[in-house]
Amino acid sequence: MGVGNAGRIDPWSSEQSTDYARIRDQFGLESLDLTQVPNPSMLHRRGIIFAHRDLDVVTGCIERSDPFGVLTGLMPSGRMHLGHSMVIEQVRWFQEQGADITVTVADLEALATRGTSLVEGRKTALKEYVHNYAALGLNPENTNVYFQSGRPEVQRLAFTLGRRTNLSEFEAIYGFKGETNLAHVQAPLIQVGDIIHPQLDEFGGLRPIVVPVGVDQDPHLRLTRGIAGKTHWFNVKPRKAGGLRVSLSVQNSNSEAFGVSTDGKVDREIRNSIFERLIGSLSPIGYSDLISNPKHGTLDIPGAKNSDIAQVRMCLLRLEREMGGMGLMPPSSTYHRFAMGLTGDKMSSSKPKTTIFMDDSIEDMSKKVKRALSGGQPTIEEHRRLGGDCSKDVSFQYLQFFFEDDDSELTKIARDYESGKLLAGEMKQICIDRASEWLSDLADKRDMWDGRLEEFLAPDAR
Ligand code: TRP
């Protein structure tokens, strides 16, 4: 991911910016507050998942045992490597907290941006990705893998929602230009369809959806959230005097339902009945005081807290659907840091020396780790005196990101390295030992799932 011209993020770039604080601030991501996360996973505890959008919507669902879903996607090209496993760890964690899981095979995107045929994409998706997702512990019971090319509802949404954006926005977000291939322009809209469609009635209905990603995918989330917001019939915002304000968003698609005639006149009876329904729709939350102003199209809830927005919005979206609108919850998202490549470059399937593949042999993995960038000093004498640098040491980082889930053990390794007690070669050996266990465990589990991958596939993907 390059953060290149005009400070844009290019999701298809092979470069990667790691200035996470800048990205967070520039694009308005919220910092992850650990105390907000129930049963935090290793990736949360270690600050590897560092930012989010609207994660409180999802943690609220976890606390109340309300339904919510996770949507994730994979590019069916190349081989699955360690870098890809981070999102799946998060997906598994969300699943343990009660989420249902939808997995997009982005076969249309791979065709559009890499020229991968649909047949090839399907093979790669199952063999490289779904098989390893199974081995990493996703539960097939409520996991649904589907193909973009095989789900017309996703493509239909891409068209329907495409009406809510335009070329200027695509230029601003993605830097698309006159010579940009049109298949490439369609890919983000398909991804909007991917992210939104689990909320359709036939795919689980209205519920919050969270999308765990690396920051390179944030442009798609910004686009999707913006588009979802534009479809809303009711907006909800904090009110200056405290509490929340709901306001009608009158647009072509709802002016009749909202009692606005073509000459702009408001039918009072219709408007009043809408406000009755509006008040009724909020009654489950139980606010004692609602101030309605049908003429201005606003309803104030002085007693509501800002943190109630998600619940109020769910009520409004339910009502919107009853009235004939789409009723789409903007997706939540989480962002993880990228693990350094073995060579110090970005991890990439097309550069085998930069990463460890899920099915690398122990021998290949060991060779790569032995050659990896280290934070050790040039001589043993200096190392003993100055200590190693964990922040530059790939082996340490891989223990931290992937292989050592015991926090106290990791802290001890860091302390010994930084004090000079542990040498660079010894750090590498620890990494190799843990990685060997990890890889052979994964291989065993892959064997267990051999020939059973159908269990993960949605009916339209079989
Ligand atoms: N664009 C993603 C990638 O390059 C794949 C993808 C398609 C995706 N649809 C998605 C990821 C929805 C997350 C959510 O890997």
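Student: Which residue stands opposite H336 in β13?
Tutor: I49 stands opposite H336. This is a predicted model, in which local features need pLDDT of at least 70, side-chain atom pairs count only at pLDDT 80 or more, and totals for chains, interfaces and linings use all residues. Residues are numbered from 1 along each chain as its sequence is written, and side-chain values use heavy atoms, with hydrogens and water left out.

Student: How many bridges join β4 to β13?
Tutor: Strand β4 (residues 49-53) is joined to β13 by 4 bridges, and the two run antiparallel. Strands are DSSP runs of E, at least two residues, numbered from the N terminus; two of them pair if DSSP finds at least two bridges between them.

Student: And β8 with β13, parallel or antiparallel?
Tutor: Parallel, over 5 bridges, with β8 covering residues 209-214. P212 has T334 as its bridge partner in β13.

Student: Why is β13 described as largely enclosed?
Tutor: 5 of the 5 residues of β13 (residues 332-336) are buried, so the rest of the structure largely encloses the strand. Buried means under 20% relative accessible area (1.4 Å probe, protein chains only).

Student: Which residues lie on each side of β13?
Tutor: S332, T334 and H336 are on one side, S333 and Y335 on the other, and all are buried.

Definitions and conventions:
Buried < 20%, exposed > 50% of the residue type's maximum accessible area, 1.4 Å probe, protein only.
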